[in-house]
Amino acid sequence: MVLSSGLSIRAEEEQDWVGVQAVHESAFGRSAEARLVAMLRGQARPVLSLLAENTGVIVGHIMLSPVVLSGHPQRQIMGLAPLAVVPARQRRGIGSALVRTGFEQCQHLGFEAVVVLGHPVYYRRFGFTPAARFGIGCEYDVPEEAFMVVELRSGCLSGVSGKVAYHAAFSAMSRCAPPSRAGKPMQEASQEDGR
Ligand SMILES: CC(C)(COP(=O)(O)OP(=O)(O)OC[C@H]1O[C@@H](n2cnc3c(N)ncnc32)[C@H](O)[C@@H]1OP(=O)(O)O)[C@@H](O)C(=O)NCCC(=O)NCCS
(Lines give C-alpha, C1' and ligand atoms only; values in the text may rest on other atoms or scores of the structure.)
Protein backbone atom coordinates (compact mmCIF):
# COMPACT_ATOMS: atom_id res chain seq x y z
CA MET A 1 0.00 0.00 0.00
CA VAL A 2 1.53 3.36 -1.10
CA LEU A 3 0.58 6.16 1.29
CA SER A 4 2.34 9.38 0.35
CA SER A 5 5.50 10.63 -1.31
CA GLY A 6 7.44 7.40 -1.32
CA LEU A 7 5.99 5.92 1.89
CA SER A 8 4.51 2.46 1.59
CA ILE A 9 3.38 -0.27 3.96
CA ARG A 10 3.86 -3.92 3.14
CA ALA A 11 4.30 -7.33 4.72
CA GLU A 12 7.74 -8.07 6.09
CA GLU A 13 9.90 -10.54 4.17
CA GLU A 14 12.97 -12.45 5.29
CA GLN A 15 15.38 -10.00 3.70
CA ASP A 16 13.84 -7.24 5.89
CA TRP A 17 14.71 -8.86 9.23
CA VAL A 18 17.91 -6.91 9.79
CA GLY A 19 16.24 -3.62 8.89
CA VAL A 20 13.29 -4.33 11.18
CA GLN A 21 15.67 -5.11 14.04
CA ALA A 22 17.39 -1.77 13.47
CA VAL A 23 14.06 0.09 13.60
CA HIS A 24 13.23 -1.32 17.03
CA GLU A 25 16.70 -0.84 18.41
CA SER A 26 16.77 2.81 17.35
CA ALA A 27 13.21 3.57 18.50
CA PHE A 28 13.48 1.86 21.89
CA GLY A 29 17.19 2.36 22.45
CA ARG A 30 17.67 -1.26 23.47
CA SER A 31 17.38 -4.71 21.96
CA ALA A 32 14.54 -6.26 24.00
CA GLU A 33 11.79 -5.39 21.51
CA ALA A 34 13.84 -6.56 18.53
CA ARG A 35 14.37 -9.89 20.29
CA LEU A 36 10.65 -10.12 21.00
CA VAL A 37 9.94 -9.58 17.30
CA ALA A 38 12.32 -12.40 16.41
CA MET A 39 10.67 -14.75 18.91
CA LEU A 40 7.14 -13.95 17.78
CA ARG A 41 8.18 -14.28 14.15
CA GLY A 42 9.37 -17.79 14.85
CA GLN A 43 6.68 -18.94 17.25
CA ALA A 44 3.36 -17.08 16.95
CA ARG A 45 0.77 -18.17 14.40
CA PRO A 46 -0.64 -16.30 12.71
CA VAL A 47 1.63 -13.34 13.13
CA LEU A 48 1.17 -10.03 11.35
CA SER A 49 4.42 -8.26 10.63
CA LEU A 50 4.15 -5.07 8.60
CA LEU A 51 6.74 -2.48 7.79
CA ALA A 52 6.75 1.08 6.57
CA GLU A 53 9.25 1.82 3.87
CA ASN A 54 10.37 5.17 2.54
CA THR A 55 12.14 5.07 -0.80
CA GLY A 56 13.51 1.65 -0.01
CA VAL A 57 14.47 2.35 3.62
CA ILE A 58 12.59 0.64 6.44
CA VAL A 59 11.36 3.37 8.81
CA GLY A 60 8.69 1.65 10.89
CA HIS A 61 7.38 -1.74 11.94
CA ILE A 62 4.37 -3.24 13.71
CA MET A 63 3.67 -6.74 14.91
CA LEU A 64 0.40 -8.31 15.99
CA SER A 65 0.06 -11.80 17.47
CA PRO A 66 -2.91 -13.72 18.85
CA VAL A 67 -3.83 -13.49 22.54
CA VAL A 68 -6.17 -15.72 24.51
CA LEU A 69 -9.08 -14.43 26.59
CA SER A 70 -9.73 -16.70 29.56
CA GLY A 71 -13.11 -18.38 29.39
CA HIS A 72 -13.53 -17.34 25.75
CA PRO A 73 -10.84 -19.15 23.77
CA GLN A 74 -12.97 -18.94 20.64
CA ARG A 75 -12.70 -15.13 20.54
CA GLN A 76 -10.27 -14.08 17.84
CA ILE A 77 -8.19 -11.33 19.44
CA MET A 78 -4.82 -9.92 18.44
CA GLY A 79 -2.26 -8.24 20.69
CA LEU A 80 -0.51 -5.22 19.20
CA ALA A 81 3.19 -5.16 20.12
CA PRO A 82 5.67 -3.97 19.43
CA LEU A 83 5.26 -0.82 17.32
CA ALA A 84 8.18 1.40 16.39
CA VAL A 85 9.14 4.22 14.05
CA VAL A 86 12.74 5.39 13.69
CA PRO A 87 13.25 8.61 15.71
CA ALA A 88 14.03 10.76 12.67
CA ARG A 89 10.68 9.87 11.08
CA GLN A 90 8.38 10.05 14.11
CA ARG A 91 5.33 12.31 14.27
CA ARG A 92 4.68 12.10 10.54
CA GLY A 93 1.80 9.66 10.67
CA ILE A 94 3.85 6.52 10.05
CA GLY A 95 2.91 4.86 13.34
CA SER A 96 -0.75 5.66 12.73
CA ALA A 97 -0.59 4.23 9.22
CA LEU A 98 0.96 1.03 10.55
CA VAL A 99 -1.73 0.64 13.21
CA ARG A 100 -4.59 1.26 10.77
CA THR A 101 -3.16 -1.09 8.16
CA GLY A 102 -2.65 -3.65 10.92
CA PHE A 103 -6.32 -3.42 11.82
CA GLU A 104 -7.34 -4.00 8.19
CA GLN A 105 -5.11 -7.06 7.95
CA CYS A 106 -6.45 -8.42 11.23
CA GLN A 107 -9.98 -8.11 9.88
CA HIS A 108 -8.99 -9.95 6.71
CA LEU A 109 -7.68 -12.76 8.91
CA GLY A 110 -10.98 -12.90 10.79
CA PHE A 111 -9.84 -11.27 14.02
CA GLU A 112 -12.53 -9.41 15.93
CA ALA A 113 -10.61 -7.23 18.37
CA VAL A 114 -7.14 -5.95 19.23
CA VAL A 115 -5.62 -5.34 22.66
CA VAL A 116 -2.65 -3.15 23.44
CA LEU A 117 -0.59 -2.20 26.47
CA GLY A 118 0.57 1.34 26.00
CA HIS A 119 0.05 5.02 26.39
CA PRO A 120 -3.68 5.81 26.49
CA VAL A 121 -3.35 9.22 24.80
CA TYR A 122 -1.55 7.73 21.81
CA TYR A 123 -3.77 4.68 21.33
CA ARG A 124 -7.13 6.38 21.96
CA ARG A 125 -7.05 7.89 18.45
CA PHE A 126 -7.41 4.41 16.98
CA GLY A 127 -10.56 3.65 18.99
CA PHE A 128 -8.86 1.87 21.87
CA THR A 129 -10.64 2.17 25.22
CA PRO A 130 -9.68 0.71 28.59
CA ALA A 131 -10.33 -3.03 28.44
CA ALA A 132 -11.60 -2.87 32.01
CA ARG A 133 -14.79 -1.29 30.64
CA PHE A 134 -15.52 -4.68 29.11
CA GLY A 135 -14.46 -6.54 32.23
CA ILE A 136 -11.29 -7.58 30.43
CA GLY A 137 -8.00 -7.58 32.33
CA CYS A 138 -4.40 -8.37 31.54
CA GLU A 139 -2.19 -11.15 32.82
CA TYR A 140 0.43 -8.51 33.64
CA ASP A 141 0.12 -6.18 36.60
CA VAL A 142 -0.28 -2.89 34.72
CA PRO A 143 -2.20 0.35 35.25
CA GLU A 144 -5.83 -0.24 34.31
CA GLU A 145 -5.98 2.62 31.80
CA ALA A 146 -2.92 1.34 29.95
CA PHE A 147 -4.48 -1.96 28.91
CA MET A 148 -6.85 -1.19 26.08
CA VAL A 149 -9.02 -2.93 23.53
CA VAL A 150 -10.73 -2.00 20.29
CA GLU A 151 -13.48 -3.98 18.59
CA LEU A 152 -12.89 -4.61 14.90
CA ARG A 153 -16.32 -6.25 14.74
CA SER A 154 -18.82 -4.07 16.53
CA GLY A 155 -20.36 -5.71 19.58
CA CYS A 156 -18.00 -8.69 19.58
CA LEU A 157 -17.02 -8.06 23.20
CA SER A 158 -20.54 -7.61 24.56
CA GLY A 159 -21.04 -9.88 27.53
CA VAL A 160 -17.46 -11.11 27.30
CA SER A 161 -15.03 -10.78 30.17
CA GLY A 162 -11.85 -12.44 31.35
CA LYS A 163 -8.12 -12.10 31.47
CA VAL A 164 -5.92 -11.77 28.41
CA ALA A 165 -2.84 -13.94 28.07
CA TYR A 166 -0.17 -12.92 25.56
CA HIS A 167 2.04 -15.33 23.64
CA ALA A 168 4.66 -17.01 25.83
CA ALA A 169 7.35 -14.94 24.11
CA PHE A 170 6.16 -11.92 26.11
CA SER A 171 6.76 -13.70 29.41
CA ALA A 172 10.18 -14.75 28.22
CA MET A 173 10.79 -11.08 27.49
CA SER A 174 9.09 -9.79 30.62
CA ARG A 175 11.17 -6.65 30.62
CA CYS A 176 9.87 -5.76 27.18
CA ALA A 177 7.92 -2.68 26.24
CA PRO A 178 4.26 -3.25 26.89
CA PRO A 179 4.21 -4.23 30.58
CA SER A 180 7.02 -2.02 31.86
CA ARG A 181 6.24 1.12 29.88
CA ALA A 182 2.49 0.92 30.19
CA GLY A 183 0.68 4.04 31.29
CA LYS A 184 3.71 6.30 31.21
CA PRO A 185 4.13 9.09 28.71
CA MET A 186 6.38 7.69 26.02
CA GLN A 187 9.05 10.34 26.49
CA GLU A 188 9.03 9.85 30.24
CA ALA A 189 9.35 6.12 29.77
CA SER A 190 12.27 6.71 27.44
CA GLN A 191 14.11 8.67 30.11
CA GLU A 192 13.46 5.97 32.69
CA ASP A 193 14.79 3.43 30.24
CA GLY A 194 18.00 5.38 30.21
CA ARG A 195 17.67 6.94 26.78
C1 LIG B 1 4.97 5.45 19.37
C2 LIG B 1 5.45 5.64 17.94
C3 LIG B 1 5.43 4.28 17.25
C4 LIG B 1 4.53 6.58 17.20
O5 LIG B 1 4.92 6.63 15.84
P6 LIG B 1 4.76 7.97 15.01
O7 LIG B 1 4.98 7.65 13.59
O8 LIG B 1 5.61 9.01 15.63
O9 LIG B 1 3.23 8.26 15.26
P10 LIG B 1 2.33 9.29 14.48
O11 LIG B 1 3.11 10.18 13.60
O12 LIG B 1 1.25 8.50 13.90
O13 LIG B 1 1.89 10.18 15.69
C14 LIG B 1 0.63 10.37 16.05
C15 LIG B 1 0.62 11.10 17.38
O16 LIG B 1 1.39 10.40 18.34
C17 LIG B 1 1.99 11.32 19.22
N18 LIG B 1 3.32 10.86 19.48
C19 LIG B 1 4.16 10.31 18.60
N20 LIG B 1 5.33 10.01 19.20
C21 LIG B 1 5.21 10.43 20.47
C22 LIG B 1 6.09 10.39 21.57
N23 LIG B 1 7.32 9.91 21.47
N24 LIG B 1 5.64 10.89 22.74
C25 LIG B 1 4.40 11.38 22.84
N26 LIG B 1 3.52 11.45 21.82
C27 LIG B 1 3.92 10.97 20.65
C28 LIG B 1 2.01 12.66 18.56
O29 LIG B 1 1.45 13.60 19.46
C30 LIG B 1 1.12 12.51 17.35
O31 LIG B 1 0.02 13.31 17.53
P32 LIG B 1 -0.23 14.57 16.61
O33 LIG B 1 -0.53 13.98 15.26
O34 LIG B 1 -1.40 15.20 17.26
O35 LIG B 1 1.03 15.35 16.67
C36 LIG B 1 6.87 6.23 17.91
O37 LIG B 1 6.87 7.44 18.62
C38 LIG B 1 7.92 5.31 18.50
O39 LIG B 1 8.47 4.46 17.81
N40 LIG B 1 8.22 5.49 19.80
C41 LIG B 1 9.25 4.70 20.48
C42 LIG B 1 8.75 3.28 20.67
C43 LIG B 1 7.43 3.22 21.44
O44 LIG B 1 7.24 3.89 22.45
N45 LIG B 1 6.52 2.37 20.93
C46 LIG B 1 5.20 2.21 21.50
C47 LIG B 1 5.21 1.24 22.63
S48 LIG B 1 3.62 1.16 23.42
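Helices (H or I, at least four residues) and strands (E, at least two) are DSSP runs, numbered from the N terminus. On that basis the chain contains seven helices and ten strands. This is a predicted model, in which local features need pLDDT of at least 70, side-chain atom pairs count only at pLDDT 80 or more, and totals for chains, interfaces and linings use all residues. Residues are numbered from 1 along each chain as its sequence is written.

**Chain totals**

- A residue is termed buried if 20 or more other C-beta atoms lie within 10 Å of its own, exposed if 12 or fewer, and partly exposed in between, with C-beta atoms placed from the backbone. Of the 195 residues of the chain, 38% count as buried.
- Two residues are in contact if their C-beta atoms, placed from the backbone, lie within 7 Å. Among contacts in the chain with a separation of 6 or more, 71% are between residues 24 or more positions apart.

**Helix α1**

- Helix α1 spans residues 17-28, and its twelve residues reach 17 Å from first C-alpha to last, close to the 16 Å expected at 1.5 Å a residue. The expected span of a helix is 1.5 Å times one less than its number of residues.
- The buried residues of α1 are Val-20, Val-23, His-24, Ala-27 and Phe-28. They lie on the same side of α1 because they cover an arc of only 100° around the axis; the arc is that of the directions from the helix axis to the C-beta atoms.
- An α-helix has 3.6 residues a turn, so residues three or four places apart point the same way.

- Helix α2 covers residues 32-43; its twelve residues reach 16 Å from first C-alpha to last, close to the 16 Å expected at 1.5 Å a residue.
- In α2, Glu-33, Ala-34, Leu-36, Val-37 and Leu-40 are buried. Their arc around the axis is only 155°, which puts them on the same side of α2.
- Ser-31 sits in the loop between α1 and α2. Ser-31 counts as exposed because it has 12 C-beta neighbours inside 10 Å.
- Ser-31 and Gln-21 are ten residues apart along the chain, and their C-alpha atoms are separated by 8.1 Å.

**Packing of α1 against α2**

- The axes of the two helices, α1 and α2, come within 7 Å and cross at roughly 150°. Axes are lines fitted to C-alpha atoms, for helices over the stretch in contact, and angles run from 0 to 180 degrees between N-to-C directions.
- The crossing of α1 past α2 is right-handed. A crossing is left-handed if the near helix is turned anticlockwise from the far one by less than a right angle, and right-handed if clockwise.
- On the α1 side, Val-20, Gln-21, His-24, Glu-25 and Phe-28 meet Glu-33, Ala-34 and Val-37 of α2.
- By class, this contact of α1 with α2 has four nonpolar, two polar and two charged residues. Ala, Val, Leu, Ile, Met, Phe, Trp, Tyr, Cys and Pro count as nonpolar, Asp, Glu, Lys and Arg as charged, and the others, Gly among them, as polar.

**Surroundings of Ser-65**

- Ser-65 belongs to strand β4, residues 57-69. Ser-65 is buried, because 23 other C-beta atoms lie within 10 Å.
- Beyond its neighbours within four places in sequence, Ser-65 is in contact with Leu-40, Ala-44, Val-47, Met-78, Gly-79 and His-167.
- Ser-65 and Ala-81 are 16 residues apart in sequence, with 7.8 Å from C-alpha to C-alpha.

**Backbone geometry**

- A cis peptide bond joins Arg-45 to Pro-46, with omega near -10°; Pro-46 is placed in the loop between α2 and β3 (48-54).
- The peptide bond from Ala-81 to Pro-82 is also cis, with omega near -10°, and Pro-82 is in strand β5, residues 77-85.
- Thr-55 is not a glycine, yet has a positive phi of about 40°. Thr-55 is in the loop between β3 and β4 and counts as exposed, with 9 C-beta neighbours inside 10 Å.
- Arg-91, a residue other than glycine, has a positive phi near 65°. Arg-91 lies in the loop between β5 and α3 (94-108) and is exposed, with 9 other C-beta atoms within 10 Å.
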